[in-house]
Each structure stands twice: as C-alpha cells, then as structure tokens.
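Colleague: Could you walk me through this one? I have some questions ready and would enjoy going over them with you.

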Amino acid sequence: MSGAPTSADSGFFGRLKVLIVEDSKEMRNLLTALLETMGVVHIIETRDGESGLAAFARHKPDIIITDGAMIPMDGYEMTRAIRAAGDAEGANPDVPILMISGHVGRDKVTHARDQGVTDYIAKPLSADVLYEAIVAAVSKPIHFVEKPGYRGPSPRRSLDARRS
Amino acid sequence: MPEHRLPSRLGGQDSKDGDTPPDVRFIRVPSIAERKLGREYVAPMRLDPRVLDQMQQTIRGLETKYAEALKSQVAMLQILVEPACKGDSEARGRLYSLAHDMRGLAGTFGHPMVSRFADSLCGYLENCEAEDLKDGTVILFHVDAIRDAIENPRTDAAVTLETLEALERLIEANRRDRRRLG
C-alpha cells in the first residue's frame, strides 16, 4: 500500500450505491459501519436473496455484498438470477458481486464462481480484506463470458477465497 | 457500452484457439470506477492507508458493543440446548443461527477461538442426525467452551486448541457409535 494519489477515497466511494444482502443483523451493522467509514453514503440493506433481488432491480446498485447461506433464497441463487437478468429495467447485471461466507471449502467457492460471483471473502472479515476486495471489484475492467444459459465472470478462472 | 471481443484476442485460458464454442462471446465492460469517474479516474486505483486505518478504528469502536451482544448470545445458547435436544426444531434452528453468527463475526472482533468453537458446533449440527441430538453432550461441551473462551480470552492458545481437538474427537466417537449401532 502506498501514499501515492488514488481514486480510492471518500470522494469516489461517496458516488457508489452498495447493496448488502445478509441475514445476520450484526454482520449487516458491521458492513454498513465499514462502508460508511470508507465514505459510502448510499447503502441498501436486505436480509435474503429474494429481497436482495428485488432491491437490485429497484435500486440499481454499483456493487453487491452478499452472504452465501440464507433462506428462503441464498446468495448463490440470487447471483445466478442477477447474471441472467439482462438489462433489468436499467439495473446492471454485470454488477460486481462479492460473497462473504463462513464456508470456505473448495466446493463452495467453486459453486459461487460458477454462479457468477466476482470475488469470495472468507469470514471472519477484516478491514483490509474487505477494502482490497471492494477496490479490486470496482476498479478492474469486467471481463465477462456470455454463452447459452450463462453470463458472468469466466467460470474457468481460478477463484480462491480471500482470507484475513 | 460493452466492448465485444473475439475470443482469440483475449489473454489467458479462455483464448485458446479452437477451444471456444462458436456460441460463446467474450465481453469487456468498463469498470465501475471508469464509469463513475470518467476522465477523473486515475488508474491503477491504489489502496489508501488512511481509509484502512479508519476502517480498523471502526472495528475497534464496535468491539465493546459486540462483546455485550456475544454474552447475550451465549446465554441464549445455554437456554436453547435443552429444547433443541428434545426435538424442538425451532430451538435447533435458532441455536444453529446463533452459532453461525458467532462463527462469522467473533474473529473480526478479537475472539478467534469463539469463532473456531462456533465453527465446530455448526459443523456438528450440519452433519448430525436428530437421534444424535438426544444426548446433548456434544452441544453442551461446545457451549461451555464458547463461554469459557469469552470469559478467559487470554487462555493459552495451546489449551484452547487442545479443547477443540477434544471436541472433534468426541464428535468422531459419536459418529462411530452411530455407525456401529446402525
């Protein structure tokens, strides 16, 4: 990390709209507090994939941070639905989706990647891992694969869980 | 506006000639930062140490509040053990949900061992059969270990790890019993 000029400041984050999809109230509070510290002003909170999907269409977020395991709809199914949404009334189906999960087994990470998750963050969460993941997600150009039945980050890329 | 590319011009594994079905397209979409900032965008976007420092302060500021919540959650776990073991599915679900929250959050707020014990408890609850729960020993021992880790956060890590291994041995012994008894 350097002290060189950067766009990763509150001026930039203040322009972002972030959707949090998380069933734990404590985790939502933590994420909201950290995003506000970064300078994010527009934060939408929802409790499961179903309400997350509705919020995606309604609020058109710039980035989504989601839990994996939730009921009735989990974060994997929500991600798949967003990627398949096409131009959902102006909402961006290419939106970066960060999944934060306590399940860090290879099968879960691979499953998340195959649904179109941009990056996977292991719980417990730390400030540096969250910050790095958000900056990477919003600053890297998005390379997508589009084929029958799938649109999203390449399902053949290597994806490992970011850990503290 | 998305930029459409021929597969063979994209670097990496995806670009292998002859390896891409004709109905697959590769698309490069401008990043969120490029879209939001336009000409103001300075690439590459570097991490700002001041922002990170403020985020770490935010977590430290929430630690006291979380410690209080954690105590209440452990008290609730203790209440839920008995009904969960007697077959109350709502109590079992609530117990799992609390352990799941602890697994995800306790480590962030300086209680890594609480997170490890909660992870072990979640793993047990995810894999056990309803019959296993009638004997609540495994759950009780986990809840005791979580409570002890909160009350004595400076306990030697070796002792805590030994407790964790003992819990794992107990779970394995229960599994063996279940297999033996069919």
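**A walk through the model**

Modeller: Happy to, and let's begin with a serine: leaving aside neighbours within four places in sequence, Ser115(B) is in contact with Pro124(A), Met102(B), Arg103(B), Ala106(B) and Gly107(B). Please keep in mind that this is a predicted model.

Colleague: Thanks! Is Ser115(B) buried or exposed?

Modeller: Ser115(B) sits in helix α4 of chain B, which covers residues 112-127. Buried means under 20% relative accessible area. The value for Ser115(B) is 7%, so this residue counts as buried.

Colleague: Which residue has its backbone oxygen 2.7 Å from a polar atom of the Ser115(B) side chain?

Modeller: The contacts of Ser115(B) include Met102(B), Arg103(B) and Ala106(B). The backbone oxygen at 2.7 Å from a polar atom of the serine side chain belongs to Arg103(B).

Colleague: And how many Å apart in space are Ser115(B) and Asp88(B), C-alpha to C-alpha?

Modeller: In sequence, Ser115(B) and Asp88(B) are separated by 27 residues. In space, their C-alpha atoms are separated by 25 Å.

Colleague: Over in chain A, which side chain makes a polar contact of 2.5 Å with the side chain of Glu146(A)?

Modeller: Glu146(A) is placed in strand β6 of chain A, residues 142-147. Not counting residues up to four places away in sequence, Glu146(A) touches Asp23(B), Val24(B), Arg25(B) and Ile27(B), as well as Arg151(A). The polar contact of 2.5 Å joins the Glu146(A) side chain to that of Arg151(A).

Colleague: What is the bridge partner of Lys147(A) in β7(A)?

Modeller: Strand β7 of chain A spans residues 150-153 and pairs with β6(A) in the antiparallel sense, over four bridges. The two strands form a hairpin with two residues between them, and Gly149(A) in the turn has a positive phi of about 85 degrees. Across this pairing, the partner of Lys147(A) is Tyr150(A).

Colleague: One last thing: where does helix α2 of chain B bend?

Modeller: This helix covers residues 49-85, and just after α2(B), Gly87(B) takes a positive phi of about 100 degrees. The bend in the helix is about 40 degrees, and its place is Glu63(B).

Note on methods. Residues numbered from 1 in each chain as written. Chains lettered and ligands numbered in written order. Predicted model: local features only at pLDDT ≥ 70, side-chain atom pairs only at ≥ 80, totals over all residues. Heavy atoms only, no water. Buried < 20%, exposed > 50% of the residue type's maximum accessible area, 1.4 Å probe, protein only. Contact = heavy atoms within 4.5 Å. Polar contact = N/O pair within 3.5 Å; in protein donor to acceptor, adjacent residues only side chain to side chain. Pairing = 2+ DSSP bridges. Bend = angle between axes of the 7 residues up to and from the residue.
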